[in-house]
Amino acid sequence: MDRLDELESKSIYIIREAYKQFRKIAMLWSIGKDSTTLLWLCRKAFFGRIPFPIIHIDTSYKFKEIYEFRDRYSKEWNLKLIISQNEEALKKGICPGKDKLECCTQLKTEALKQTINKFGFKALLLGIRRDEHGIRAKERYFSPRDQQFQWNYMNQPAELWDQYKSKSSYDEHIRVHPLLHWTELDIWKYIQRENIPITKLYFAKNGKRYRSIGCETCCNPIESNADSVQKIIDELRTTKVAERAGRAQDKEKAYMMQKLRSLGYM
């Protein structure tokens, strides 16, 4: 097997193990490159039909291209899609233009908590990678949260020799991260090999493209002429620019991200 085969095999093993242990499970889909790759792997793991729901946390501030991509492929792939919003927070006027910590907490974390409580999910699959952000490097493949979905980053289980904490106690909620061992370059090489559909926001237009996407109000494009997957791969081999350089910087600071994730942020 080559590197991509090995990455794929390990991820599919983790996905299947998670489903075996936690039948009340769902996957978070942001429509970004990583979560769409994870969605693709879930489809391969279960031969084209994913046996659990897919959750999209809709802050109402996403790019229109994200909504278009979500609606098209959720139908094409026959997904059990759950669209989650914290409607009470939106009615109160919570928005990115004010406090970004409060905005992310209310429109993302609280919306997710509401969905978990409503449907009784015991575990969630997420498409995060260790190389994406320093705080995410502290994660485990099977990462426990408490009853309030909070993450104790100073007390994580050891995962030696691929032995995972794939069982939980009654008062724990588990986040499962099948892509932790992938890099950004791996993701794009796999997208190219598998011909995975991806939103056009990632491809350069007029000398700029989005390298990391989320809410439209909190993302800025980077300078780039990479208008194809191959050109993105070539660009990543030499770039010195951080992957999340285009995201709202006050949220991306290490302390802020650590605080958000400790509260249950994705």
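This note goes through the sheet, the helices packed on it, the cysteines and a few loop residues of a predicted model.

1. Basis of the note. The model is predicted, so that local features need pLDDT of at least 70 and side-chain atom pairs count only at pLDDT 80 or more, whereas totals for chains, interfaces and linings use all residues. Residues are numbered from 1 along each chain as its sequence is written, and side-chain values use heavy atoms, with hydrogens and water left out. Helices (H or I, at least four residues) and strands (E, at least two) are DSSP runs, numbered from the N terminus.

2. The sheet. Six strands form an open sheet with mixed pairing, in the order β3-β2-β1-β4-β6-β5, where two strands pair if DSSP finds at least two bridges between them. Its edge strands are β3 (81-84) and β5 (142-145), each of which pairs on one side only. From one strand to the next the twist averages 30°; here and below, angles run from 0 to 180 degrees between N-to-C directions, and axes are lines fitted to C-alpha atoms, for helices over the stretch in contact.

3. Strand β1 and its neighbours. Strand β1 (residues 25-28) runs parallel to β2 (residues 54-57), and 2 bridges join them; M27 has I54 as its bridge partner in β2. Towards β4 the pairing is also described as parallel, with 3 bridges, and here A26 has L124 as its bridge partner. The side chains of β1 divide into I25 and M27, which point one way, and A26 and L28, which point the other way, and all are buried (buried means under 20% relative accessible area, exposed over 50%, partly exposed in between, with a 1.4 Å probe and protein chains only).

4. Helices on the sheet. Helix α2 (residues 33-45) lies across β1, β2 and β4, and runs at about 140° to β1. A further question is what α1 packs against, and in which direction α6 then meets α1. Helix α1 (residues 3-21) packs on the sheet and touches β1, β4 (123-125), β5 and β6 (173-176), its direction making about 40° with that of β5; contact means heavy atoms within 4.5 Å.

5. The α1-α6 pair. Helix α6 (residues 184-194) packs against α1 at an angle of about 95°, with the axes 11 Å apart. The two helices are therefore roughly perpendicular to each other, on a scale where angles under 35 degrees count as roughly parallel, over 145 as roughly antiparallel, 65 to 115 as roughly perpendicular and the rest as oblique. On the α1 side the contact is made by R3, L4, D5, L7 and E8, and on the α6 side by D186, K189, Y190, R193 and E194. By class, this contact has 3 nonpolar, no polar and 7 charged residues (Ala, Val, Leu, Ile, Met, Phe, Trp, Tyr, Cys and Pro count as nonpolar, Asp, Glu, Lys and Arg as charged, and the others, Gly among them, as polar).

6. Burial of α6. The buried residues of α6 are E184, D186, I187, W188, Y190, I191 and E194, and what covers them includes α1, α2 and α7 (229-236). Just after α6, N195 takes a positive phi of about 55°.

7. Cysteines. The structure holds 0 disulfides, a disulfide being a pair of cysteine sulfur atoms within 2.5 Å. C215 is in no disulfide, and the nearest cysteine sulfur, that of C218, is 5.6 Å away, which is too far for a bond. C215 counts as buried because its relative accessibility is 6%, and C218 also counts as buried, at 12% relative accessibility.

8. Loop residues with positive phi. F47, which is not a glycine, has a positive phi of about 55°; F47 sits in the loop between α2 and β2 and, at 74% relative accessibility, counts as exposed. N206, likewise a residue other than glycine, has a positive phi near 55°. N206 is found in the loop between α6 and β7 (208-209), and its 75% relative accessibility is why N206 counts as exposed.

9. A buried loop residue. T199 also has its place in the loop between α6 and β7, but at 2% relative accessibility T199 counts as buried. Leaving aside residues up to four places away in sequence, T199 touches I31, E65, F69 and I213.
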